[in-house]
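Here are my notes for a first look.

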There are 2 protein chains.
Amino acid sequence: MDDVTEPPSRKGAARKIELLDATLRIIARDGLAGLSMRGLAAEAGAPLGAVSYYFAGKDELVEAAFARHSEIEGERMAAMIRRVGAGTPDEAADAVADFVVEGCTVRRRQLITEYELMVESARRPALQESTAGWLRSLRAQMVEAMTALGSADPEIDARLLLAVISGLEVDSLADEPGPTQRDVVRSVLSRLRGAR
Amino acid sequence: MDDVTEPPSRKGAARKIELLDATLRIIARDGLAGLSMRGLAAEAGAPLGAVSYYFAGKDELVEAAFARHSEIEGERMAAMIRRVGAGTPDEAADAVADFVVEGCTVRRRQLITEYELMVESARRPALQESTAGWLRSLRAQMVEAMTALGSADPEIDARLLLAVISGLEVDSLADEPGPTQRDVVRSVLSRLRGAR
DNA sequence: GCTCAACTTGGACGTTCGTCCAATTCTGAG
DNA sequence: CTCAGAATTGGACGAACGTCCAAGTTGAGC
């Protein structure tokens, strides 16, 4: 994942990050449709010119915000996968369930941003490439975790578990998550060792 | 789901549907961010005034487009669930796999629209309510199908299967679906009868 | 302390936007 | 045939938009 924080800058890097975090807040609240250079400037408490200075155009802004988001959420997800591969199946279920429940509640804002950007990457080749790479990386990590967990078919089980996670998250966007999320996660993980 | 086609109109209903279908095309291609009254008029080959005449504002337009989309896709999904509950587990797996594969390939445009609207309903209470109702209805149908299939815990299995479907679809937005989708579906359905 | 690149800022430009309205045509019920 | 209401249209309006630029400020390296 691109590191957004390093450019030639002196202190410009800090401001760039402020702008990107403000961008992610706006996307969560109003969507890409509600994102404007002026609105961003207002949200970040910066003059309009500052936005133009750091980002050549709206497209570049969105792509940079995407990279920033992946940087943050990718690490969070990698940590979850590490927990999955490190413990017993029951501990793995807790790791996944914690991740999902946290995503759907306290991190709901970031969740909305995540899927907004996901949908947008279905349209922009530049985003698609980077999202596909991100998903493949997570899947590879998950395959490893499934292997460590003794899965009979780690490749399929990894895809299955990742799909369940995405699915539970997406459903929670519109419908209340409900207490069954943990049960669903436990259910799928309890069957990993079954015959296939 | 609201029926969009009935208003007091004479022939206005046909035009309203044309406008809504054009709206859904634009959302798939350019997102809600790329949807404008003028662009819609151009896409539908109608004058700008026609859009204002049939929809009081952009919000109402989006909500009507959402209802139109649910009308179409809801029926398609219901048909799939019927197939799931009607046959053997193997036939059920085929029904789900066919549905997912078709959604990710030939119906990719509609898939993008679906998740764009899904994310948007996380922001608008009006959409959220109707999306939540839609999901609950599908889930109820799926619970029935799981029961017919002999599931030991139809409620959980229904949520699990629906989550897998959503997850596979979402992943396919950015990454190529690949031939493993069928395997994942078969894998999850082959475990429905297992102990829990 | 001079220099130059990085940074910062306010404002102007032309475009596109959502909304609104007056005028006109169409059409089915009485 | 008549007429009320639906359908249709083009254009006008102010607001908000993305982009660009010229002028100013800052601060590390020489």
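How much area is buried between chain B and chain A, and what part of it do carbon and sulfur atoms give?

1. Keep in mind that this is a predicted model. About 4,000 Å² is buried between chain B and chain A. Carbon and sulfur atoms give 58% of that area. On the chain B side, Arg123(B), Ala174(B) and Arg191(B) stand out: they supply 18% of the area that chain B buries against chain A, more than any other three residues.

2. Next, the residue count. Chain B brings 47 residues to the contact, and chain A brings 47 residues. Of the interface residues of chain B, 100% are also interface residues in chain A, so the copies meet through the same surface.

3. Look at the charges. The rule finds eight salt bridges across the interface of chain B and chain A. In one salt bridge, the side chain of Arg191(A) meets that of Asp157(B), at 2.9 Å from N to O.

4. Which helices of chain B each supply at least two residues of the side that touches chain A? They are α1 (12-30), α6 (108-120), α7 (125-148), α8 (154-174) and α9 (180-190). The largest share, 13 residues, comes from α8(B). By type, this side of chain B has 24 nonpolar, eight polar and 15 charged residues.

Technical notes: Residues numbered from 1 in each chain as written. Chains lettered and ligands numbered in written order. Predicted model: local features only at pLDDT ≥ 70, side-chain atom pairs only at ≥ 80, totals over all residues. Heavy atoms only, no water. Contact = heavy atoms within 4.5 Å. Buried area = accessible area lost by both parts, 1.4 Å probe. Salt bridge = Lys/Arg side-chain N within 4 Å of Asp/Glu carboxyl O. Helix = DSSP H or I, 4+ residues; strand = E, 2+ residues; numbered from the N terminus. Nonpolar A, V, L, I, M, F, W, Y, C, P; charged D, E, K, R; others polar.
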